[in-house]
Amino acid sequence: MAEWLRHRGGRFWQRWETMSQRHPGNPRKRLNSAFALLSRHVTDPAALGCGMATSAAATTGNDDPARRAIEDHKAKLHAKLAELCARSGAREPELLAEQLFLLIESAQATLILGVQAPPRNVGPAAASLIDSRLGAEPS
């Protein structure tokens, strides 16, 4: 399972890098793009949520290689969000990163449970959080 999770994580990071390259000098647009990508995922009728989170329930303990792969992936996601929040000039960037991380995780966990409506609002919810820490985006 650990190998599959690392492969799945690698595919995620490839999509992240493709998305990031569209706005190399604009961390705010990169944050918004990440949530646009998530919005597309959670509104896909075939989406099952986060494979990492689903797999976490099947791990046997903290020393399980699959658990380590999941923890590494989630830590990297949090670090990327924290970096973008700091580079964007956000007030309380670490707090914003934690809020955005929780939003990502909860949207996917809710989707795993078969609840469709809340995940569909992840994009506007993220935009509200980002705007609250950076001010409204200039037109």
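Is F12 buried, partly exposed or exposed? F12 counts as partly exposed, because its relative accessibility is 23% (buried means under 20% relative accessible area, exposed over 50%, partly exposed in between, with a 1.4 Å probe and protein chains only).

A quick word on the ground rules. This is a predicted model, where local features need pLDDT of at least 70 and side-chain atom pairs count only at pLDDT 80 or more, while totals for chains, interfaces and linings use all residues. Residues are numbered from 1 along each chain as its sequence is written, and side-chain values use heavy atoms, with hydrogens and water left out.

**The aromatic cluster**

Searching the whole structure turns up three aromatic pairs (rings of Phe, Tyr and Trp, the last by its six-membered ring, pair if their centres lie within 6.5 Å; planes under 30 degrees apart count as stacked, over 60 as edge-to-face and the rest as tilted). Take F12 and W13: the ring planes stand at 85° with the centres 4.8 Å apart, so this pair is edge-to-face. F12 also forms a tilted pair with W16, at 6.1 Å centre to centre and 35° between the planes. Ring pairs link F12, W13 and W16 into a cluster. F12 and W16 both sit in helix α1 (residues 2–21), four residues apart, about one turn of the helix (helices, H or I of at least four residues, are DSSP runs numbered from the N terminus). As for accessibility, W13 is buried, with a relative accessible area of 10%, and W16 is buried as well, at 3%.

**Helix α4 and its two partners**

Two packed helices are described by the angle between their axes and the distance between the axes. Here axes are lines fitted to C-alpha atoms over the stretch in contact, and angles run from 0 to 180 degrees between N-to-C directions.

| Helix pair | Angle | Axis distance |
|---|---|---|
| α1 and α4 | about 15° | 8 Å |
| α4 (residues 65–87) and α5 (residues 93–112) | about 135° | 8 Å |

With α1 and α4 packing at about 15°, α1 is roughly parallel to α4 (angles under 35 degrees count as roughly parallel, over 145 as roughly antiparallel, 65 to 115 as roughly perpendicular and the rest as oblique). The crossing of α1 and α4 is right-handed (the near helix is turned clockwise from the far one by less than a right angle). On the α1 side, the contact residues include F12, W13, W16 and E17, and on the α4 side they include H73, K76, L77, K80 and L81 (contact means heavy atoms within 4.5 Å). The residues of this contact divide into 12 nonpolar, two polar and four charged (Ala, Val, Leu, Ile, Met, Phe, Trp, Tyr, Cys and Pro count as nonpolar, Asp, Glu, Lys and Arg as charged, and the others, Gly among them, as polar).

Turning to the other partner, α4 and α5 pack at about 135°, which makes α4 oblique to α5. α4 passes α5 in a right-handed crossing. Among the contact residues are L77, H78, L81 and C85 of α4, and L96, L100, F101 and I104 of α5. The contact of α4 with α5 divides into 11 nonpolar, one polar and four charged residues.

**Two α4 residues to look at**

K80 lies in helix α4. Leaving aside its neighbours within four places in sequence, K80 is in contact with W13, W16 and E17. The C-alpha atoms of K80 and L111, 31 residues apart along the chain, are separated by 23 Å.

D72 is also found in helix α4, and D72 is partly exposed, with a relative accessible area of 39%. Between the C-alpha atoms of D72 and E17 there are 17 Å, with 55 residues separating the two along the chain.
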